[in-house]
Amino acid sequence: MLKELNPLIHSQLRLAIMTILLAVDEADFTHLKEKTGATSGNLSVQIDKLTSAGYIETTKEFVGKKTRTSCRITDTGRAALEEYVEALKGYFNL
């Protein structure tokens, strides 16, 4: 029997955010926006959903007069992504 894919990670944009963060120590909002091609509003909503789930953590700081939001994947998020990948492999009989 196939495992259900985690619907929180299965969203295209949230999956992109998670995989980008898996490869780096942290990424700021601008970097994530450039890499995903998402609008600021949509990216912000998806980051909030991942943060609420405990999959990523965000920090906000001021750089000059601008706010800089940085994101990093948590241990919980890393485990959830690994579980998602394992479940996905089941769909391909790997």
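Reader: In what order do the elements of the chain run from the N terminus on?

Author: The order is α-α-β-α-α-β-β-α. The model is a predicted one. The chain holds 5 helices and 3 strands, and its C-alpha atoms fill a box of roughly 55 × 25 × 20 Å along the principal axes.

Reader: What share of the residues in the chain is buried?

Author: Of the 94 residues, 32% are buried. The word stands for a relative accessible area under 20%.

Reader: Why is R14 called buried?

Author: R14 has a relative accessibility of 10%. Buried means under 20%, so R14 counts as buried. R14 belongs to helix α2.

Reader: Is P7 buried or exposed, and what makes it so?

Author: P7 is at 54% relative accessibility. The cut-off for exposed is over 50%, and P7 therefore counts as exposed. P7 lies in helix α1, residues 7–10. In sequence P7 and Y84 are 77 residues apart, while their C-alpha atoms are 9.4 Å apart in space.

Reader: Why is L8 called partly exposed?

Author: The relative accessibility of L8 is 21%. Buried requires under 20% and exposed over 50%, with partly exposed in between, so L8 counts as partly exposed. L8 is also placed in helix α1. The C-alpha atoms of L8 and E86 are separated by 15 Å, and the two residues are 78 apart along the chain.

Reader: How do helices α3 and α4 pack, and why is the pair called roughly perpendicular?

Author: Helix α3 (residues 29–36) packs with helix α4 (residues 40–52) at an angle of about 110°, and their axes are 10 Å apart. That angle makes α3 roughly perpendicular to α4, because the term covers 65 to 115 degrees. The crossing of α3 past α4 is right-handed.

Reader: Which salt bridge joins D28 to R68, and what does the pair tie together?

Author: The side chains of D28 and R68 meet at 3.6 Å, N to O. D28 lies in strand β1 and R68 in strand β3, so the pair ties together parts that are 40 residues apart in sequence.

Reader: What makes the contact of R68 and E61 a salt bridge?

Author: Their side chains meet at 2.9 Å, N to O. The limit is 4 Å, so this contact of R68 and E61 counts as a salt bridge.

Reader: Why are R68, E26 and E61 called partly exposed?

Author: The relative accessible area is 27% for R68, 34% for E26 and 39% for E61. Partly exposed lies between the limits for buried, under 20%, and exposed, over 50%. R68 is therefore partly exposed, and so are E26 and E61.

Reader: How many salt bridges does the rule give, and which residues are linked in a network?

Author: The count comes to 6 salt bridges. D25, E26, D28, E61, R68 and R72 are linked in a network of them.

Reader: Which residues form a nonpolar patch on the surface?

Author: L2, Y91 and F92 form the patch, and their accessible area together is about 330 Å². Nonpolar side chains are joined into a patch within 5 Å, given over 30% relative accessible area and no salt bridge.

Reader: Why does F92 count as exposed?

Author: F92 is at 57% relative accessibility. Exposed means over 50%, so F92 counts as exposed. F92 lies in the segment after α5 (75–91).

How values were computed: Residues are numbered from 1 along each chain as its sequence is written. This is a predicted model: local features need pLDDT of at least 70, side-chain atom pairs count only at pLDDT 80 or more; totals for chains, interfaces and linings use all residues. Side-chain values use heavy atoms; hydrogens and water are left out. Patches are made of residues with over 30% relative accessible area and no salt bridge: like charges are joined within 9 Å, nonpolar side chains (Val, Leu, Ile, Met, Phe, Trp, Tyr) within 5 Å. Accessible areas come from the Shrake-Rupley method with a 1.4 Å probe; for residues, only the protein chains shown count as cover. Helices (H or I, at least four residues) and strands (E, at least two) are DSSP runs, numbered from the N terminus. Buried means under 20% relative accessible area, exposed over 50%, partly exposed in between (1.4 Å probe, protein chains only). Axes are lines fitted to C-alpha atoms, for helices over the stretch in contact, and angles run from 0 to 180 degrees between N-to-C directions. Angles under 35 degrees count as roughly parallel, over 145 as roughly antiparallel, 65 to 115 as roughly perpendicular and the rest as oblique. A crossing is left-handed if the near helix is turned anticlockwise from the far one by less than a right angle, and right-handed if clockwise.
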